[in-house]
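Dear colleague,

I am handing over the structure we spoke of, and below it you will find my notes on what came out of going through it. Please read them with the coordinates open beside you.

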Amino acid sequence: MGKFWVIFVASISILLPFLCNSFSPETPTDRRVLVLLDDFAVKSSHSSYFNSLKLRGFDLDFKLADDPKIALQRYGQYLYDALILFCPSVERFGGSVDVAAIINFVDSGHDLIIAADVNASDLIREVATECGVDFDEDPSAMVIDHTGYAVSETEGDHTLIASDDYIKSDVIIGSKKIEAPVLFQGIGHSLNPVNSLVLKVLSASPSAYSANPLSKLSTPPLLTGSAISLVSVVQARNNARILITGSLSMFSNRFFRSGVQKSGSSTKYEKSGNEQFLTELSKWIFHERGHLKAVNVKHHKVGETDEPALYRINDELEYSVEIYEWSGTSWEPYVTDDVQVQFYMMSPYVLKTLSNDKKGLYSASFKVPDVYGVFQFKVEYQKLGYTSLSLSKQIPVRPYRHNEYERFIPTAYPYYGAAFSTMAGFFIFSFVHLYNK
Amino acid sequence: MATMPASASDLLKSFKLKTKQQELLIRVSILCLVYILAFITRLFSVLRYESMIHEFDPYFNYRTTLYLTENGFYDFWNWFDYESWYPLGRIVGGTLYPGLMVTAVLIYRILRFLRFAVHIREVCVLTAPFFASNTTLVAYFFGKEIWDSGAGLVAAILIAICPGYISRSVAGSYDNEGVAIFALLFTFYVFVKAVNTGSLAWSLASAFGYFYMVSAWGGYVFIINLIPLYVLVLLITGRYSMRLYVAYNCMYILGMLLAMQIRFVGFQHVQSGEHMAVMGVFFLMQVFYFLDWVKHMLSDTKLFQAFLRITVTCAVAVGGIALGLGMVSGYISPWTGRFYSLLDPTYAKDHIPIIASVSEHQPTAWSSFMFDFHILLFLFPAGLYFCFKRLSDATIFIVMYGLTSMYFAGVMVRLILVATPAVCLISAIAVSATVKNLTVLLRSKNKVVQTGSTKGSGGSKSSSKALLDQSQPFQKNGAIALLFGAFYLLSRYATHCTWVTSEAYSSPSIVLAARGAHGNRVIFDDYREAYFWLRQNTPQDAKVMSWWDYGYQITAMGNRTVIVDNNTWNNTHIATVGRAMSSYEDEAIEIIRSLDVDYVLVVFGGVTGYSSDDINKFLWMVRIGGGVFPVIKEPDYLVNGEYRVDKGAAPKMLNCLMYKLCYYRFGEMLTEYGKPPGYDRARGVEIGNKDVKLEHLEEAFTTSNWIVRIYRVKPPNNRCPHNVETPVVTHLGDVFPNGSNIHGQSGTCNPQNLGVCLDLLGLVDVNLGNAPTKPCCSLIEGLVDLEGAVCLCTAVRANVLGIHINLSISLSLLLRNCERKVATEYICGP
């Protein structure tokens, strides 16, 4: 029997890495990616992008969007860790996939890349809306920029835009500066103003607007200026990451290789910034960067090691948490100086910046406030581009017990004296009164 | 053989008791029977339902008792309970009267020591009946003390079955009052005994009785005010005596020192306004004693008169100054709201909705006097007459006790309980005196017929009286008729009491019973079903929000943390819950999240017709919520001052959280044959909003009869706009966070969010005419013009930021800037 167990456990432990090579909290980088296309031609026309993903170890599964056999999950298990929708014109997905399925896929922690294009279908728009962005309602509208367009041989209609208005975050687009502007041709979108989770990664210039380039402008365009987002990302509350853009062609080999010169600028770049920009962005989307985890939340009284069930007011305590960042292959210590802990009951009573030891261990020590109640240790770490950490641990704080106060207070000695002298005096008085005739 | 019968007859003779012994035997056996009767009549509830704890407060008492048995006294004394009043917690040891729990545990320990394997719950269930039995004994001795043993016996019988007392002492009613009435009557009895005898031992006993009372119930304030009042009356009527001096001083000083040992009372006993009377009378006593001494020393009357005047003036002046200084310096706290509401029945209604909201704090209806006292209500004045006829220190006491407690009983329903012993005693005097007079009449008549063959048994007084009355005709018949009348009344009383006990006061209110269509008994056990569901199916640290009535039950039976409970010490916290319940779901969810609530529990009687549910209590939530948060206004929930839930109900009512939670999925339900779906049986109307949709909450559990419904708070949407990080402002006077975090729901008026508007309004320089109104306009975006104005007005009236602005100008300016057309100058309604 015991032998059997040993074999079983051993086989499990050997198999475990294979069983678990999908997305998991321990290795958050995605592995299996489903790519849905309108047309298999995209597979070759956008091969540079796909190859860069494959080179990084992703397992891409190309399917036509209306393939009746596509399925995101089987027997309650998701078959993929991420989904790339390069199918802007699909009206209906094949198989069991629909908007709700895609949204559920995201809500269970998986990543999504959506590339729309001119004449994007309602389906794609709907998915985008669910994620917090709204594409221009006019189906034939494109983003036009008469000052920020990319110079090309023909004058054109200025729908090929060269933009370099990136989000200022090294985590999202990488620490290496993107020199060349990014080429974009497609529809613009706006962000839902009440959605705080969606971020504009690549913004249109103030002079851009969204309209049909073929017709004359009769009414003022709905989307104008830098309110137009060209590329946006969403980090959902469960840390699923979503990339939304209105241009499928910006992923194409043609745009990757093409040179770029922004109008009004004399610099001509040999190669557009698209490859660098989108590759770096995909690293973020697929959790190779900016993914944090917090483990080993501990707290104890100063001088002790065990975690108490509750604290007393005015106790000195130490709080510590370890925070690591996923580098794509391993967990590295996350080093920063802006992680704060709150000792919270309806409002923070203590707010303290945690100090770290450069090995991922963050700690702080403070005194429990002179207030009893049910407190929480809260770490709310929300930094642009990083996984939002929201740790809370409940801990009651009790008042003093009846025998934890000082027994004798120096200032009360007169009262003690008064009490005892009265007692003595009463005794003497009674004695005298009773026996002195 | 011959000796045997002789010895037997001797034996019989020796068994034959003398008249006095016979009387004693009868008296003791009556008392024993009454003792048992008092106990068993309170067992109806166990018979009808089961051995269980009743109502709301007893569940807390039971939970604490359990803690006391498990953890011992010191842990109990220092118990910090973090399951109630989340996140504030409650120092249980310092905020309760431990008398009841300690008593129960003591009984439990004794039984255990005697090898009776009882569960603590059984002890708790039977504590109140046991103490009710003891009260009958005290009533007997008290009656004997103030009148005679006959009155004592009658008093014991009356109090044993009086519904006014039974209402709080049936088996399972494990509440403070159960033991407190015993303690109250005992203290009074011993104090009267002390006054009558002037014995130090008795006054010491009364001090300890008082201590027990203080440890058991907040109603001790009644004792500590009645006794000085009584003493004052004695002083005024010239009945000052050394006996009184000894009894009062000893009782007060020792009682005070003992009472201060109870943590919940502590220094209140010497500092709070309610306890000042007793202290004042104490000093007055000393002045009296001093004057007595001076009078004794000075033989000159004139000189003494002058001295008296000066002393009394000085004493009153000093007392007044001391009281004034104490009040000003804050050493003496003013009277509490509860005390005020006792003296002025309308006070609570105007100032403290939380007190007024409790049904047992309502002024008493005549019918409930009749219900609880029955014939005692008529016997009481008769008894007063007898007391006045034979005034003594003791009868003065019982008269004062009767009159004051009757007044309080009129102010608050629950205080009928305090009046009951006095009413029983005084009525007993009436019954006893009447019956005695009548029987004396009957007997003396016989005696007269037998021409004085037996003399002296009735006593010289009665026989002489009988001789005097001899001249009246039909006296005997009249007396017999009256006696029969009296017995008839008393038997009616007994029937009534039994009926009331079995029908009205034995319901545990946690298990409901109703008559089915065929007259059979239907039991609704929904409360326990829900609480056990909570216990079994929710995480250990889940927080449950409900109206405060159910707090104790949830912690005791569901073992889950609650936000508010029946210990209503923190009005703001309760008001926050009230506000959440009476807000729209979007606003409520922020409050709910800020309190870390996981489950929301509501009680709903629409299916069963159970009328004391949350919808019927809802206006109190609005009132209490509105008392702290002016954004909640009662008129918003009423239509022409009328509270309705049908189609004609106020829009806010139809969409507030409480309505939604109660009527969720109810619109599709058929409750009664021949009625449309969604027919609310508790209110007898078809509900107005049948299509209830919940956004942030989801139904987790609904009991089989829909009485308790539990909702789970959904986590914030994974991709959705709701910004939970914005802490909701739950304290009055707090400044709202800056406008960037605030977002209005388009199309709804959200006065709270308009706080940002007001901020702007305050900053508007009217002369310049251009206001930075952009963020504000977006807030009233979805509203039509007039609604926008009304909404702003609401916000202004709520005055969330506490700024005062030139309303009409700024408002029209703002609306104009938002390109809203408002007819000339819109003026906010009152």
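**Sheets in the two chains**

In chain A, strand β24 (residues 373-381) and strand β25 (residues 389-398) are paired in the antiparallel sense, with nine bridges between them. Please keep in mind throughout that this is a predicted model. Within that pairing, Tyr381(A) has Leu389(A) of β25(A) standing opposite. Both strands belong to an open sheet of five strands in chain A, whose order is β17-β25-β24-β20-β21 and whose pairing is mixed. At its edges stand β17 (311-312) and β21 (347-353) of chain A, each of which pairs on one side only.

Chain B also holds an open sheet of five strands with mixed pairing, and there the order reads β6-β5-β7-β11-β10. The edge positions are taken by β6 (561-562) and β10 (697-702) of chain B, and because each has a single partner strand, one side of each is left without a neighbour in the sheet. Inside this sheet, strand β5 (residues 543-545) of chain B runs parallel to strand β7 (residues 599-603) of chain B, the two being joined by two bridges; Val544(B), for its part, has Tyr599(B) in β7(B) as its bridge partner.

**The interface**

Turning to how the chains meet, 26 residues of chain B are in contact with 26 residues of chain A, and the area buried between the two chains is about 2500 Å², with carbon and sulfur atoms giving 54% of it. On the side of chain B, the residues that lose the most area to chain A are Phe80(B), Asn718(B) and Arg719(B), which together account for 31% of what that side buries.

The rule finds one salt bridge across this interface, and Arg401(A) forms a salt bridge with Asp75(B), in which the closest N and O atoms are 3.4 Å apart. Between chain B and chain A, nine residue pairs are counted in polar contact, with both residues at pLDDT 80 or more. Helix α4 (residues 57-77) of chain B contributes three residues, the largest share of the side of chain B that touches chain A. Sorted by class, that side of chain B consists of 13 nonpolar, eight polar and five charged residues.

Over all chains, a search of the whole structure finds 39 salt bridges. One that I would point out is in chain A, where the side chains of Arg312(A) and Glu404(A) meet at 3.6 Å, N to O. This pair links distant parts of the chain, since Arg312(A) is in strand β17 of chain A whereas Glu404(A) is in the loop between β25 and α9 (413-435) of chain A, 92 residues apart.

For residues 413-435 of chain A, an unreviewed UniProt entry gives the feature "transmembrane region". In the model this span is 100% helix and 0% strand, and its end C-alpha atoms lie 33 Å apart.

**Backbone details to check**

Most residues other than glycine have a negative phi, and most peptide bonds are trans. Against that background, two places deserve a look. Tyr86(B) and Pro87(B) are joined by a cis peptide bond, with omega at about -5°, and Pro87(B) is in the loop between β1 (80-81) and β2 (90-91) of chain B. Tyr75(A), although not a glycine, has a positive phi of about 50°; its place is in the loop between β3 (73-74) and β4 (77-78) of chain A.

With best regards

Notes: Residues numbered from 1 in each chain as written. Chains lettered and ligands numbered in written order. Predicted model: local features only at pLDDT ≥ 70, side-chain atom pairs only at ≥ 80, totals over all residues. Heavy atoms only, no water. Contact = heavy atoms within 4.5 Å. Buried area = accessible area lost by both parts, 1.4 Å probe. Salt bridge = Lys/Arg side-chain N within 4 Å of Asp/Glu carboxyl O. Polar contact = N/O pair within 3.5 Å; in protein donor to acceptor, adjacent residues only side chain to side chain. Helix = DSSP H or I, 4+ residues; strand = E, 2+ residues; numbered from the N terminus. Nonpolar A, V, L, I, M, F, W, Y, C, P; charged D, E, K, R; others polar. UniProt positions renumbered as here; feature names shortened; annotations may be inferred. Pairing = 2+ DSSP bridges.
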